[in-house]
Amino acid sequence: GFLDRVALGNEEWNPWEGDEKNELVASQQRYEANLKMIKNARAHLEETSLRVQIWGKAAIGLYLWQHIFGGHLEPADVTAQWREGSQIAGKTYFSFITGPSVVPGYFSVEAENVVLVLNGREKAKITYATQWLHYAQTLVQTHKIQHVAVVLLGNEQCNNEWIQPYLKRHGGFVNLLFVTYDYALVNEEDIFQWPLGVATYRNFPVVEPSWSMLHDPRSYLCNFLGTVYKNSSRETLMEILKQDGLDKLCWIAAREQWQPQETNESFKNYQDALLQSDLTLCPMGINTECYRIYEACSYGSLPVIEDVMTSGDCGNSSMYHRAPLQLLKTMGAPFIFIKNWKELPAVLEKEKKMSLQEKIQRRKKLIEWYQNFKAWMRQKFINTLEKSFLPSDKG
């Protein structure tokens, strides 16, 4: 054939030689790339040197999993008896379970490391949380699990003494505690402040920013939908809004009694108010930190926060000197902080003069900050678990 003729005519010449060489080089590169990929995959499996199972027995577990981790749950139905999800993050394989059917002893413990998400708001909740801690303790004692971290919805006045005896430093078995509110014992060693987040118990969704959310003009300068307690700063706020006729420029819906369960209609109203207002007023309740702060961020409505420490045992540490919202402030939250609602008229005057372009820039900054905040919390959570749970490579 053709090859033979070429070979006879010129022993040296091979018209395909260049191609063959290229092909050889290319196949060598493919081989090496595949080898690298296999090595990477193997290393990645080896790298997931930690398996962590999260038991979501308080609604803030959903904030951790869906909002901070960006994780999914199956089934999607929020009323399901049992929901689960998993993901690899850092060197860790995380699985998450939640729902009424997750009961001590009636589900498989699938990791040596457990994160227990608990509610410590009031007596009845603490009793329930304690049962879970005792269950985890038994698993540690029988070597079924090695490490335990707790994410705790703390008491709004920071009375969390009941959890102290369970911590390693007090002879207990809990390695790490992530706790909401400005708890005085936060030390960044084994006790960390954790964000309250959005009201997942009312199914507040993970909100994806849209073009219109960022760019459309909003109908109201501000909003406040909530309970006005007798003799509270919220009463002062209402008076100030009415005095200057500012309530006409804001979406205000005050009620005298707190309602734990929203109707679909009232919840839709609330979301619309956040989406339609440039500012969200956040007067303090029992604690300065509230779900409203994070919910406003989700919709690009800037929180205006009453920057006052509430009564109780929060933040009485030398580290924090009676200033609330340490976690948010440390993370550079771009909010408006005011000491007294008398400062509000001046804030709203300034607001009236802002151009849409300035408001768009501010919304972008707020939404970007909030996304970075969640990403940072996720990274910090993973790093803290890995540092505490993985054997250290000493010698």
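**Exercise 1.** Which residues does L385 touch, not counting residues up to four places away in sequence?

*Solution.* Keep in mind that this is a predicted model. Leaving out residues up to four places away in sequence, L385 touches L50, V52, F94, V115, A149, L176, F178 and L390. Now zoom out: the largest nonpolar core has 115 residues, and L385 is one of those touching the most other members, along with F94, L133, V150 and F381. Helix α11 (residues 356-389) supplies the largest share of this core, ten residues. Next, check the domains: domain 1 (47-180) and domain 2 (203-372) both give residues to the core, so it lies between them.

**Exercise 2.** Work out how the axes of α8 and α11 cross, and which residues make the contact.

*Solution.* Start with the axes: those of helix α8 (residues 291-298) and α11 come within 8 Å and cross at roughly 120°. Then list the contact: α8 brings Y294, C297 and S298, while α11 brings L366, I367, W369, Y370 and F373. Sorted by type, that's seven nonpolar, one polar and no charged.

**Exercise 3.** How many of the residues of α8 are buried?

*Solution.* Buried means under 20% relative accessible area. Eight of the eight residues of α8 pass, so this helix is largely enclosed by the rest of the structure. Among these buried residues are R292 and E295. Just after α8, G300 takes a positive phi of about 70°.

Methods
Residues numbered from 1 in each chain as written. Predicted model: local features only at pLDDT ≥ 70, side-chain atom pairs only at ≥ 80, totals over all residues. Heavy atoms only, no water. Core = buried A, V, L, I, M, F, W, Y, C linked by side-chain atoms within 4.5 Å. Buried < 20%, exposed > 50% of the residue type's maximum accessible area, 1.4 Å probe, protein only. Helix = DSSP H or I, 4+ residues; strand = E, 2+ residues; numbered from the N terminus. Domains from an automatic or database assignment. Contact = heavy atoms within 4.5 Å. Axes fitted to C-alpha atoms, helices over the stretch in contact; angles between N-to-C directions. Nonpolar A, V, L, I, M, F, W, Y, C, P; charged D, E, K, R; others polar.
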